[in-house]
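Me: I have a chain open and want to go through it with you. Start with whatever terms you need, then the details.

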Amino acid sequence: MTHLREEEKTPATDDEPRAVIKESSKIFRRNRALGYVSNHVPAVTRYVQRRRDTLLITCIGRSFQVYTASHMRLLHVSGLHPDEITAMATDRQHTYTASNKCIYAWRAGKHIRHIYRGHERDVHILLPFGGNLIAVDRSNVLKVWNIRTDDVYLDVPFNADEFQITALAHPPTYINKVVLGSQQGQLKIMNIKKNSILCTINRHQSRVTCIEPAPALDVVAVGHGDGSVIVLNLKFDTVLVAFKQDWGMVTSLSFRTDGPPILVSACSNGYMAFWNLEDRKLAGQLQAHEGEVTTAICLPSEPVVFTTSPDNSMKLFVFDMPDGGARQLRIREGHTKPPLCIRYHGGSGVSILSSGEDSTLRVFSTISESLNKSMGRATYNPKATKKKNRFQYDKFSMPPIREFTSDTTREREWDNIAAIHAGVIQTTTWTFNKSRMGEHRLVPEQFQNKNRSNFQSETTSIILTTCGNFVIIGYSSGDVERFNIQSGLHRGSYGAPGPAHDAAVRGLASDNLNQVVVSGCTKGLVKFWMFKGKAEKPLAILRLADGVALMRHHRESSMVAIGLETFKVYVVDMNTRVIVRKFIGHTAKLNDLAFSPDSRWLITAAMDSTIKVWDIPSSYMIDHFRVERPCISLSMSPSGDFLATAHVNLLGIYLWANKTLFNQVSLRSIDPNEPAPYVGLPSNMCDAMDLEDEMQELEIDDEEDNAELGEEIDAKYETPKQLNPELITMSGLAASRWQNLLDLELIKRRNKPKAPPKAPKQAPFFLPTVSGLEMRFDVGNAPSDKDGSKLLQVTSLNNLTAFGKLLEATATDNGFESAVKHITQLGPSMVDFEIKSLHPDAGGTMLAMMQFLKLIEFMLSTNLDFELAQSYLSVYLRSHGLSLTESPQLVQSLRSVSKAQEEAWKRIESKLIYGTGVVAALRNFAP
């Protein structure tokens, strides 16, 4: 895991605009990285008495990870260092790391207790020495630090031409003395307290690479660059035994302390040798890693050796073989070469499938690293490959997986992953449930050996149907074939007897119901095919101005994102078969596209090292940022909480958190041609929010205040009450609110209680409160201070309700909105009571009755609450039908209401008749 340092950034010229460097973009914030285990820095171990277990500490770039040896469970991930870690060491109290000319002392793998500053060059050797820490930097200066006081106890520079320090060790019982190894092959014993060289040992001319004290007193093992291993007695300056491994440089040495006299030596080609010190011969050998073995440590009093390698793996080997050899006990590993394609698997967003340049398919868990697993390496002959050692050359190994597709519908029944490989015609199947490669190799009949005439063709695109039964494959020859993934049998060809396209197929998509298949080629033709049957001719053809480079689809919304060779992105609706959006902004080849789960955003990545987020409803770009390495593949979590990215020449998978899920983010349109801000890649731990992010959230960023803001994008879409004034709109209320008005008397009789309600024996005294979230007393009926009289002030002789008063108030301004809002909030019983109370005999007035008819006319003319107006009018006519004819004004108002109702009904009737006729006509054409 590497990050761009300040001194490594390319200085921009005066003509080029400078991009603002930030720690997070508008939407995505760095979260963590997955898939890192170890690198070239040697790992260290520490036994913890309280746990009764050994801790394994590995370096992963700018941080280190702490595992338990018992189950290889990840315990801690350290904080982020300012630069790459160059050396590590440990004692009972601290873990020491060297980075950027400084040394850090960590407690419990998470908290920094001391920082030692003073070196002029990077430190490459560390050795805890009691209460001191010995450090050697690249300028060949040895410094002894006091651990508690952070002071330099001793500073000794060495002449690099005479003695360049390459190894350091402290023999047991040698008080204040250390053994130094050099590039020239010499050994020196130095007294730290007196700052003096006790003796110089010159037994070999090759470079000293490592020094390991033996369990026996006065004995050390010295490894050299030419493969020689010499066991020395320091007291008498004699060679006890000497070995030579022909593989190359000795990278690490370790003695077994569980009984057998075995010395373990590691080599630069991935092998380990086990030397029997009593018999003075080779006891066994083992290839542990694909690359250099940088660490080989025998755990104390256990028949176990711990190894790490730059191939991004660490392993534990146990000595329990009949011949005394070792076998692999546990392993933690990631991709040995950069990933090429990553996809979230399943709907929970827990597993990420990743295919790498090492031809493997792996599963990374976002919950726990112990859930990571490897599905194996792609091979033409799995049985023959299984018999071989994984480190042996395999002639049946397949090229890397370039793209794959998966589905969880039939995951437990049969293979549910299909993958295409670079430069070959075969398509392989995999099973997620069994975590292995499947048995089928999907090859069309025209490309099989006996019929094949075009040997340049290869698979270029693939898609798995949502039912999990069929896989559709596109080829560089223009063919599009459909296979049954359960049986591996060929089930159909599109465009038969000829190919579906005249050029290479670059993208495929299928709908959610297996009705339509979409294919695109490099000539810019997008064809829509019938999924079943003989698809000899396409249903429709969409011609684009440029060739198709890649295609991604979102089944739930039936949208297809098409990336073109001219770096443009089109969004096509599969139902209408038209282009609905065009996005222009990238300046280099498009690498991958991904929809958000709600299909509102489209996320694109290109070789210009930028990642852009486009808002599909508004057709604006709402976020963009630039990373250190171009993003080669990306995938959005099914829950929308994380974005996973893979980058060029980086072994990890990086997770970005969606800030809109846990913070209020105001999204605005951004000019696609603006320079994107640089955002550092996530580290292996969840980074704490730093000062810049807090300033951005508190809106105190001065640079953004001066910038011109684009149009604000409202992420929350609220449906308007009425889409168009010409459309008849329903109220949206429950049907019981207006249907029960017609049969309210029957409902009341049916629900009449059998016995009168009984009052409680002791009703508690309480003060009336107003309904709501806050506790407030109802003081509306309290006597006023201005008027001390308790007599009722009668303003009129009528007894109008609140609704009646609102109706009479509309006689002056015809503002019926408040009256409509009041009555629509009432229940069926109250609506019935309010309408019956409008009659003068019930306490109402003729003015209120006439204004109610105008209210109904207003509702019908505005086309709002159409069903409520019909229901209220029915109750009104049923209650006051006979008395309406006595007033000419009411009759005139009834005629106006009847006219408005007829006009509304004619519109509905014409649409219903037209729709019925279309359905009847289409029924005649049905097969």
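Reply: Contact here means heavy atoms within 4.5 Å. This is a predicted model, in which local features need pLDDT of at least 70 and side-chain atom pairs count only at pLDDT 80 or more, while totals for chains, interfaces and linings use all residues. Residues are numbered from 1 along each chain as its sequence is written, and side-chain values use heavy atoms, with hydrogens and water left out.

Me: OK. What does Asp-865 touch, leaving aside neighbours within four places in sequence?

Reply: Asp-865 is in contact with Lys-721, Thr-729, Met-730, Ser-731, Val-820, Thr-824 and Met-859.

Me: Where is Asp-865? And buried or exposed?

Reply: Asp-865 is in the loop between helix H9 (846-862) and H10. Helices are DSSP runs of H or I with at least four residues, strands are runs of E with at least two, and both are numbered from the N terminus. Asp-865 counts as buried because its relative accessibility is 6%. The cut-offs are under 20% relative accessible area for buried, over 50% for exposed and partly exposed in between, with a 1.4 Å probe and protein chains only.

Me: How far is the C-alpha of Asp-865 from that of Leu-733?

Reply: The two C-alpha atoms are separated by 9.1 Å, and the residues are 132 apart along the chain.

Me: Zoom out. How many helices and strands?

Reply: The protein chain has eleven helices and 60 strands. It has 927 residues, of which 49% count as buried. Among contacts with a separation of 6 or more, 48% are between residues 24 or more positions apart.

Me: What is the accessible surface of the chain?

Reply: About 46800 Å², with 51% of that belonging to carbon and sulfur atoms. The areas come from the Shrake-Rupley method with a 1.4 Å probe, and for residues only the protein chains shown count as cover.

Me: Now helix packing. At what angle do H6 and H7 pack?

Reply: Helix H6 (residues 802-813) and helix H7 (residues 817-824) pack at about 160°, with their axes 9 Å apart. The axes are lines fitted to C-alpha atoms, for helices over the stretch in contact, and angles run from 0 to 180 degrees between N-to-C directions. H6 and H7 are therefore roughly antiparallel. Angles under 35 degrees count as roughly parallel, over 145 as roughly antiparallel, 65 to 115 as roughly perpendicular and the rest as oblique.

Me: Which residues make the contact of H6 with H7?

Reply: On H6 they are Ala-802, Phe-803, Leu-806 and Leu-807, and on H7 they are Ser-818, Ala-819, His-822 and Ile-823. By class there are six nonpolar, two polar and no charged. Ala, Val, Leu, Ile, Met, Phe, Trp, Tyr, Cys and Pro count as nonpolar, Asp, Glu, Lys and Arg as charged, and the others, Gly among them, as polar.

Me: And H6 with H9, what angle?

Reply: About 80°, with the axes of H6 and H9 9 Å apart. That makes H6 roughly perpendicular to H9. Phe-803, Leu-807, Glu-808, Thr-810 and Ala-811 of H6 meet Leu-847, Ala-848, Gln-851, Phe-852 and Leu-855 of H9. The residues of this contact are seven nonpolar, two polar and one charged.

Me: How do the axes of H8 and H10 cross?

Reply: Helix H8 (residues 828-836) and helix H10 (residues 866-884) have axes that come within 10 Å and cross at roughly 50°. H8 and H10 are therefore oblique to each other. The contact involves Val-831, Asp-832, Ile-835 and Lys-836 of H8, along with Tyr-872, Val-875, Tyr-876, Ser-879 and His-880 of H10. Those divide into five nonpolar, two polar and two charged.

Me: Backbone next. Where is the cis peptide bond at Pro-497?

Reply: It joins Ala-496 and Pro-497, with omega about 10°. Pro-497 is in the loop between strand E42 (490-494) and strand E43 (505-510).

Me: What is phi of Arg-52, and what is phi of Ser-619?

Reply: Arg-52 has phi near 55°, positive in a residue other than glycine. Arg-52 lies in the loop between strand E3 (44-48) and strand E4 (53-59), and counts as exposed because its relative accessibility is 70%. Ser-619 is not a glycine either, and has a positive phi of about 60°. Ser-619 is in the loop between strand E53 (610-615) and strand E54 (620-626), and is partly exposed at 35% relative accessible area.
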